[in-house]
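User: Hi, I'm new to reading protein models. Could you walk me through this one with some questions and answers?

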Amino acid sequence: MQTSPKENSHLSSFEEWEDFLKQRYPDSPSAGDSRKKPEGFRDYRAEPRASVKEFYRLNHTYQTREFVLGKQKEFASRGRARMGIWEAMEYLNTLVDDSDPDTDLPQIEHLLQTAEACRRDGRPRWFILTGLVHDLGKILCLWGEPQWAVVGDTFPVGCAYSPKIVFSELFTANPDSAVTQYQTRLGIYTEGCGLDKVDMSWGHDEYMYRVVRDYLPEEARYVIRYHSFYPAHKEGEYEYLMNERDKQMFRWVREFQHYDLYSKVPERPDPQELRPYYEALISEYFPPQISW
Ligand SMILES: [Fe+2]
Ligand SMILES: [Fe+2]
């Protein structure tokens, strides 16, 4: 049993986790495949911040299969709010970022900067929209979910942990480590069963996928659902659980990941100036309000 599932971590903002990812997965011409990482990049194991390590400790301890199935059920009804996409962006922005008192719009800025980078590169409309909405699931934090159940690199539950998951040694504290059935290569799954049959650790990706799945095309759904699945899209792990469709769709997950991590620029986007363009784009795919 989980002794303290509400225990919170000490990240002063999601940026601490995201900065750590940038350090672990530096941008490079071969972005999308860390196996080709050039020599000389910083070793991510060099002194992670204590808050980041503590965050991973909680995430790896409490993300059990039982916890994941419970959250899937708890959020299945989506009766928490009726909001449009832009409204949800403004709502997410009420999440206070302790670490950055000079930035009063950190969340909406990341979404707009990601979308604007996709737009500048002439990406398809659905891809730009994916940039705009991909992190809206972080509103889970505003509904009292602890950080370790909202962000963090995601991984399958119910089968062996890949040693390439960040701080995989911390899984020894996870009760699933003692469940023999969950600790074989395939665990409860079958070879090539397809990721749709695989339960992923719970967080903003899986939640947001469930919110948007009736509205967005398949490629967008993949990007949203697996954009934090770093063990797969950056490390090449868990391919044996994927079917052919997953492998094709992961091309988009890898392409998107570049915009997610590296689109931060000093120039701050002006939400009100950009709003008409994005409201038009939103209305191509979404009704005025959706259930959260
Ligand atoms: Fe994200
Ligand atoms: Fe993001």
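User: Let's start with Tyr209: in which helix is its place?

Analyst: Helices here are DSSP runs of H or I with at least four residues, strands are E runs of at least two, and both are numbered from the N terminus. This is a predicted model, where local features need pLDDT of at least 70, side-chain atom pairs count only at pLDDT 80 or more, and totals for chains, interfaces and linings use all residues. Residues are numbered from 1 along each chain as its sequence is written, while chains are lettered from A and ligands numbered from 1 in the order in which they are written. On that numbering, Tyr209 sits in helix H7.

User: Leaving aside neighbours within four places in sequence, which residues is Tyr209 in contact with?

Analyst: Two residues are in contact if their C-beta atoms, placed from the backbone, lie within 7 Å. With neighbours within four places left aside, the contacts of Tyr209 are Arg221, Ile224 and Arg225.

User: How are H7 and H8 oriented to each other?

Analyst: Axes are lines fitted to C-alpha atoms, for helices over the stretch in contact, and angles between N-to-C directions run from 0 to 180 degrees. The axes of H7 and H8 cross at roughly 155° and come within 7 Å. Angles under 35 degrees count as roughly parallel, over 145 as roughly antiparallel, 65 to 115 as roughly perpendicular, and the rest as oblique. H7 and H8 are therefore roughly antiparallel.

User: Which residues of H8 meet H7?

Analyst: From the H7 side come Asp205, Glu206, Met208, Tyr209 and Val212. Across from them in H8 are Arg221, Ile224, Arg225 and Tyr226.

User: How many of the residues of H7 are buried?

Analyst: The buried ones are His204, Asp205, Glu206, Tyr207, Met208, Tyr209, Val211 and Val212. They pack against H6, H8 and strand E2 (290–291). H7 is mostly covered, and its buried count is 8 of 9.

User: Why is H8 largely enclosed by the rest of the structure?

Analyst: The buried residues of H8 pack against helix H6 (125–133), helix H7 (204–212), helix H9 (230–233) and helix H10 (244–262). Among the buried residues are Ala220, Tyr222 and Val223. H8 (residues 218–226) is largely enclosed because its buried residues number 7 of 9.

User: What is the handedness of the crossing of H8 and H10?

Analyst: These axes come within 9 Å and cross at roughly 60°, so the two helices are oblique to each other. A crossing is left-handed if the near helix is turned anticlockwise from the far one by less than a right angle, and right-handed if clockwise. For H8 and H10, the crossing is right-handed.

User: And at what angle do H1 and H2 pack?

Analyst: Glu16, Trp17 and Phe20 in H1 meet Ser51, Val52 and Phe55 in H2. H1 and H2 are roughly perpendicular, therefore. Helix H1 (residues 14–24) and helix H2 (residues 50–62) have axes 10 Å apart, and their packing angle is about 95°.

User: Where is Arg78, and what is its phi?

Analyst: Arg78 lies in the loop between helix H3 (65–74) and strand E1 (82–83). Arg78 counts as partly exposed because 13 other C-beta atoms lie within 10 Å. Its phi is positive although the residue isn't glycine, with a value near 45°.

User: What about Phe167: what is its phi?

Analyst: Phe167 is in the loop between H6 and H7. It has 16 C-beta neighbours inside 10 Å, so it counts as partly exposed. Phe167 also has a positive phi without being glycine, and the value is near 50°.

User: Over which residues is the pLDDT below 50?

Analyst: pLDDT is the predictor's confidence in each residue, from 0 to 100. The protein averages 89, and 86% of the residues score at least 70. Where pLDDT is low, the predicted coordinates should not be read in detail. The stretch with pLDDT below 50 is residues 29–44.

Terms used:
A residue is buried if 20 or more other C-beta atoms lie within 10 Å of its own, exposed if 12 or fewer, and partly exposed in between; C-beta atoms are placed from the backbone.
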